[in-house]
Structures are given as C-alpha cells and as structure tokens.
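I wanted to look through one protein structure and write down what I found. These are my entries, in the order I made them.

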Amino acid sequence: MKKIVLTLFLTMGTAMMGFAQEKGAFETGKYRNVFVEMGYKPADVDAKLKEVFNDVFRGPNKVYFEVGDTMGYVSDIKNHDARTEGMSYGMMVAVQMGEKDIFDRLWRWTRKYMQHQKGIREGYFAWSCKTDGTRNSDGAASDGELYFITSLIFASNRWGNDTGINYKAEAKRILDCIQPKEYTPEPPRQGFGGFGGFGGQQQQGPQKMYLIDPETRLITFTPDGWGQRFTDPSYHIPAFYEVWAKWGDDGRADFWMDCAKKSREFLHKCTDEKTGLNGDQCQYDGSEMEAPRFPGMPQNPQGAPRRNGNNNFRYDSWRVPMNITLDYEWSAKDAAWQHQYGEKIQNFFYSQGVDTFLDQYRKDGSLPEGNEILGAGGFRKLRHSIGLVSTVAAASILCKHKKSKEFVDALWNAKHEPFEDGYFDAYYDGLLRLFAFMHLSGNYRVIEPK
C-alpha cells in the first residue's frame with residue numbers, strides 16, 4: 001500500500017513539476033510550428049503565411065496604403081479611418097516579418113498625425129484619424145500605446161537605432177509620457193464617438209492621466225477621464241510588460257514585472273469559470289460593468305434584467321484567447337491555468353459547432369438579443385466570423401485535447417471573403433487571421449537584441 005501511495009505521489013509530483021518547469025521563449029528561444037505538428041507540409045505553411053500576409057498588405061483587399069515616398073497607414077476600411085489599433089498591429093506584424101520599409105512608413109505616419117508632440121497628451125496617440133491625417137478624436141485607446149512601445153523596442157533590437165529612426169528613443173519617450181501626470185479635462189469634441197472623454201460622463205477639475213492604473217497596476221480602457229475607471233480584458237498582454245522590463249531601459253523593470261503579474265491574476269478573474277468567455281470591458285476586479293442609466297432611457301418591464309452589452313463576449317473579446325496564447329508562448333509563467341483556459345474556451349466553441357459558432361455571446365454562453373448585439377459596418381448581426389475562428393484556433397497552442405486540430409483545420413480552410421449580404425471586414429478579421437497564422441507557424445516571436 002505504501003508503495004502504491006508513493007508511486008501516485010511521485011506521478012502527481014512529476015505532472016505538477018511539468019507545469020512548474022515549463023519555460024517560455026524568453027528562456028528557450030524555441031517556438032512550435034503547430035501546423036507542421038498537425039500534418040501540414042512546411043513549404044505549404046510558409047506559402048500560406050505569405051499569402052495571408054499579402055492579403056492584408058499587398059492584395060486586392062489590402063488595408064495598408066502607402067503615402068508618398070516615406071509614409072503609409074493601415075485603414076479600417078468599413079469605418080473610413082486609421083486607428084492606433086491597426087497602425088500598431090501593422091508595426092508589430094512588420095517587425096516580426098522583417099518588413100522594415102513598412103514598419104518605418106507606419107511609424108512616420110503615426111508620429112506625424114497621431115502622436116501628440118506637446119500639451120497634456122504629449123507622447124500619447126489620437127486613437128482615430130481620417131486617412132488624410134485629420135484627427136477624429138484626440139483621446140487615446142490604451143492598447144495602441146501597448147503595441148507601439150513593444151514593436152518599437154523590437155525594431156530597436158532587430159535593426160538598431162542608426163538607420164534613420166531611433167526606435168529605442170521613441171519607445172522610451174512613450175514609456176516616460178505614460179507615467180501619471182496631472183491635467184485639466186478638455187471639453188468633448190462633437191461629431192465623432194470614441195475614446196478619451198467620448199461616450200461617458202465628463203469629469204470636472206484637475207485629474208491624473210495614466211496608461212496603467214496606479215492602484216491596481218492594470219491597463220486602463222483609456223488613459224484619461226471616464227475610461228480610467230475600468231479596463232478591457234483584450235488589452236492585457238502580460239508578456240509585453242516583460243519586454244519593457246528587459247529592454248525598455250527606463251529604470252522601471254520591477255514595476256513592469258509586477259504589472260505582468262497583476263495582469264495574469266486579472267485574467268483569471270474576468271473569464272467565466274464554465275465557458276472561459278469574458279466581457280468586452282469590466283471593472284479592475286474582474287466584475288461586470290453596471291447597466292447604463294441615461295436620461296430618457298426606457299424602463300425595462302418589471303423583473304426583466306437590465307443588460308449592459310459591454311459585459312458580453314464580442315469584437316474586443318475575440319483577442320483574449322490569442323493574447324493568453326502569446327503570454328504562454330513567450331513567458332509560460334501561468335502555464336497550468338493557461339492550459340485549462342485554452343481547453344475550456346475551445347470546449348465551449350466546440351459545443352456551438354466548430355463551423356457554426358457565432359461571434360457574440362453573453363459570458364454564460366447564451367446569445368445576446370436586440371441592442372445587445374454590437375453592430376459593425378452598418379450591420380447588426382451575429383456571424384461565424386473568421387476573426388474569431390482565428391483566435392480560437394491560435395489557442396490550440398495551449399491545448400492537449402484532440403479537438404484542437406479541428407479548430408486549426410477550420411482556420412486553414414476558411415476563406416476570407418464577403419458574406420452573402422455583402423458584409424466584409426478586410427481590416428479586423430484580416431489582421432487577426434494574420435496574427436493567428438503567425439502564432440501557429442511559430443513566427444510570432446520575442447525579438448532579442450543582436
């Protein structure tokens with residue numbers, strides 16, 4: 001009996017040590033090619049990745065456009081603008097793929113038109129501009145700064161700082177500017193909804209502006225006003241903070257490592273225990289947003305729930321499975337939970353049908369109704385969107401169950417083309433699809449200094 005107990009103890013101990021000893025690419029420098037592991041030929045994987053990259057940057061449905069000899073932008077075509085989301089994603093893709101000209105063009109356009117060079121928002125970026133560079137909004141969306149800093153550090157590591165742009169200096173400037181500073185809110189600009197004082201109640205009097213909430217050390221939804229009171233789970237990429245700690249050279253390495261730790265803890269809290277789903281936005285403690293109460297809002301029938309659609313899993317939320325995958329690939333500091341999360345969320349979408357699951361759900365897995373459904377491109381409709389197909393497939397890196405191959409095959413075979421009603425998102429769906437192919441082929445990497 002003692003021998004049996006000892007054997008079980010050693011077996012369990014080995015399994016637990018397996019999780020504890022898992023190491024990410026920061027330590028190993030190794031990346032899996034899941035496509036090849038699942039039977040695809042290396043040459044076919046390379047060709048497919050190139051094809052998906054060209055769809056975004058060079059094909060007939062491209063979202064990247066060059067301006068003159070030195071600049072370029074990524075456009076959210078259906079909304080007729082350029083966003084810090086797309087610009088920073090484009091820069092990350094470019095540095096990962098070794099496309100220096102594209103990277104430099106995007107950064108020059110971003111710096112000229114989006115980045116505030118003085119005033120209370122110095123160093124931050126206007127989240128939306130017309131494609132001629134005119135700002136639709138002065139406020140920032142915090143995920144843009146997150147990606148700009150990380151991609152600039154990688155560019156410095158990859159190409160150095162003496163080829164026309166001092167990437168490291170640009171990254172350090174943003175790192176300095178996102179530290180808490182006092183400001184007086186500006187009156188909201190009319191005519192364009194969005195971040196940074198739009199869509200929420202305007203606060204009065206002097207305030208602090210910060211990208212990272214000083215108390216919780218979690219990233220803000222927006223770094224000013226109403227958006228500092230909550231966060232967006234899809235903005236949480238703990239491994240990016242580790243990049244800042246290693247190569248940001250701003251004297252805040254311990255702070256950034258603590259931000260990474262706090263961000264991982266937050267992701268446990270904001271995801272549903274049964275489905276693995278998360279809301280688009282939530283409180284810093286992971287709890288749901290309150291239902292809005294605006295003057296003139298019709299009262300719900302007695303006993304009917306007052307729902308806030310921001311608590312639902314929808315467009316922003318799609319990114320969370322892939323972000324957790326990235327943190328596992330690079331750091332693996334939360335490997336045991338990440339394995340469980342990956343299989344949990346794939347199990348949910350498997351229950352909805354690998355080829356039929358929809359792109360918006362409540363956290364409990366039920367379907368949203370009416371105005372809860374977030375519209376896009378002039379449509380308010382639930383779809384089987386390739387952007388979500390992509391991120392759920394990327395989570396296969398976290399999983400050991402056989403279902404993962406079905407998700408990877410579904411992504412490989414999916415066609416990025418217009419729906420029957422004409423809806424087509426070359427921008428968001430296209431970029432998430434490209435990121436997923438980079439992950440699953442082992443081409444989304446930590447770029448260390450030469």
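**Entry 1. Terms and ground rules.** I took contact to mean heavy atoms within 4.5 Å. I took helices (H or I, at least four residues) and strands (E, at least two) as DSSP runs, numbered from the N terminus. The model is predicted, and local features need pLDDT of at least 70, side-chain atom pairs count only at pLDDT 80 or more, and totals for chains, interfaces and linings use all residues. Residues are numbered from 1 along each chain as its sequence is written, and side-chain values use heavy atoms, with hydrogens and water left out.

**Entry 2. The whole chain.** I looked up the elements and found 15 helices and 7 strands in the protein chain. I then looked up burial (buried means under 20% relative accessible area, exposed over 50%, partly exposed in between, with a 1.4 Å probe and protein chains only). Of the 450 residues of the protein chain, 56% count as buried. I also looked at contacts between residues at least 6 apart in sequence, and 70% of these join residues at least 24 apart.

**Entry 3. Helix 9 and helix 10.** Two of those neighbours got an entry of their own. I used axes as lines fitted to C-alpha atoms, for helices over the stretch in contact, with angles that run from 0 to 180 degrees between N-to-C directions. The axes of helix 9 and helix 10 come within 8 Å and cross at roughly 175°. The two helices are therefore roughly antiparallel to each other (angles under 35 degrees count as roughly parallel, over 145 as roughly antiparallel, 65 to 115 as roughly perpendicular and the rest as oblique). Helix 9 brings residues including Tyr241 and Trp244 to the contact, and helix 10 brings residues including Trp256 and Met257.

**Entry 4. The loop between them.** I found Asp249 in the loop between helix 9 and helix 10. Its phi is near 50°, a positive value in a residue other than glycine. Is Asp249 buried, exposed or partly exposed? Asp249 is partly exposed, at a relative accessible area of 49%.

**Entry 5. Another positive phi.** His80 has phi near 60°, also a positive value in a residue other than glycine. I placed His80 in the loop between strand 2 (71-74) and strand 3 (82-83). His80 is exposed, with a relative accessible area of 63%.

**Entry 6. Cysteines.** How many disulfides does a search of the whole structure find? The search gives 0 disulfides, where a disulfide is a pair of cysteine sulfur atoms within 2.5 Å. For Cys270, the nearest cysteine sulfur is that of Cys282, 5.0 Å away. Cys270 counts as buried at 1% relative accessibility. Cys129 is buried too, with a relative accessible area of 0%.

**Entry 7. Helix 13.** I ended with helix 13 (residues 386-394), where 9 of its 9 residues are buried. Among them are Ile386, Gly387 and Leu388. The buried residues of helix 13 pack against helix 11 (319-330), helix 12 (335-351), helix 14 (403-413) and helix 15 (428-440).
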